[in-house]
Amino acid sequence: VPELPEVETVRRGLQQATSNLAIAGGDVLLDRAIAYPQSASDFIAAIAGLKVAQWYRRGKYLLARLDRPDAETPDPGELVPTPHGWLGVHLRMTGQLLWLPRHTELQKHARVRLFFPQERELRFVDQRTFGQMWWIPPDTDPAAIVTGLQQLGPEPFSADFSTDYLVRRCRNRTRPIKNALLDQRLVAGAGNIYADETLFLSRVRPTKPCGELSEGQIETIRANLVKVLQQAIAAGGTTFSSFLDVQGINGNYAGMAWTYGRAGKPCRICGRAIERIKLAGRSSHFCPRCQSL
Ligand SMILES: [Zn+2]
């Protein structure tokens, strides 16, 4: 499942490949890949002829601000209503956005094709078909159409994701800290692998009830989460899944994971076997010796 660093890696690739290029048209191969508007042909008609001005990421949502091809509109800097609308994408479980020559043979799971000049194409490939695309009409709040945006907590790199904020949200809560870190309403985009790595670096058990963490531990967890996400972005995402960036290249974060995907293997610090348990329906990995807090 693509997590924040993978989605940020895709955003950077999309920005490099498509910014300031006009969408010449497209082809929807699976209608339900288009979440809005209802008609896939209306979706293509709405975005055709507009250029991609700027790609944003919010949590695991990707949003492109659209503009007239000749316009140089100042960047509004956040997800706000704009005169030419937005294009939204969520990759969900298996979605991939690939930047390809248009003649590239259609993959079995190709769902949407967006055509660009010089015979290039942005192709949405999605085996499990949970991925979605939206057109956000002019002068419309993106969150009114992409309703999942309304529920998202602060971005981990933003000032809103402060120790004070986390302390407030952990107070008197009995749920395990691992479950809290996976909750997109608490913090946007911190998924399973990075939550496990964060708790290892913080020496905290995934099962620790939030309300029993000290303020110092909460600050450590916050700082480590930011650190592991930044390191993963710097490494270009993970290799643990079928994740590919827009050029079709695997990232390499998983090669240096402390606990994620290492159940039964020796801890890189103390040698004790890494344990795996289920929390919030997901596998959690931890070292029983190093994570004693
Ligand atoms: Zn250990």
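1. Nonpolar cores. In this predicted model, the largest nonpolar core contains 31 residues. Phe43, Trp55, Leu97 and Leu114 have the most contacts inside this core. Helix H2, which covers residues 40–47, supplies the largest share of the core, with 5 residues.

2. Of the 293 residues in the chain, 54% count as buried. Among contacts with a separation of 6 or more, 62% are between residues 24 or more positions apart.

3. Secondary structure. The chain is made up with 7 helices and 11 strands. Helix H1 spans 4–18, and Val1 lies in the segment before this helix.

4. Overall dimensions. The radius of gyration of the chain is 20 Å. A compact globule of 293 residues would have a value near 19 Å, so the two agree. The C-alpha trace spans about 60 × 40 × 30 Å along its principal axes.

5. Surface. The accessible surface of the chain is about 12,900 Å². Carbon and sulfur atoms account for 48% of that surface. One nonpolar surface patch, of about 240 Å², is formed by Val1, Met93 and Phe130.

6. Is Val1 buried, partly exposed or exposed? Its relative accessible area is 34%. Buried means under 20% and exposed means over 50%, so a residue in between is called partly exposed. Val1 is therefore partly exposed. A patch takes residues with over 30% relative accessible area, and Val1 is one of the residues that make this patch.

Key:
Residues numbered from 1 in each chain as written. Predicted model: local features only at pLDDT ≥ 70, side-chain atom pairs only at ≥ 80, totals over all residues. Heavy atoms only, no water. Patch = residues over 30% accessible without salt bridge, like charges linked within 9 Å, V, L, I, M, F, W, Y side chains within 5 Å. Areas by Shrake-Rupley, 256 points an atom, 1.4 Å probe, with all protein chains shown as cover. Salt bridge = Lys/Arg side-chain N within 4 Å of Asp/Glu carboxyl O. Helix = DSSP H or I, 4+ residues; strand = E, 2+ residues; numbered from the N terminus. Buried < 20%, exposed > 50% of the residue type's maximum accessible area, 1.4 Å probe, protein only. Rg over C-alpha atoms; globule rule 2.2 N^0.38 Å. Contact = heavy atoms within 4.5 Å. Core = buried A, V, L, I, M, F, W, Y, C linked by side-chain atoms within 4.5 Å.
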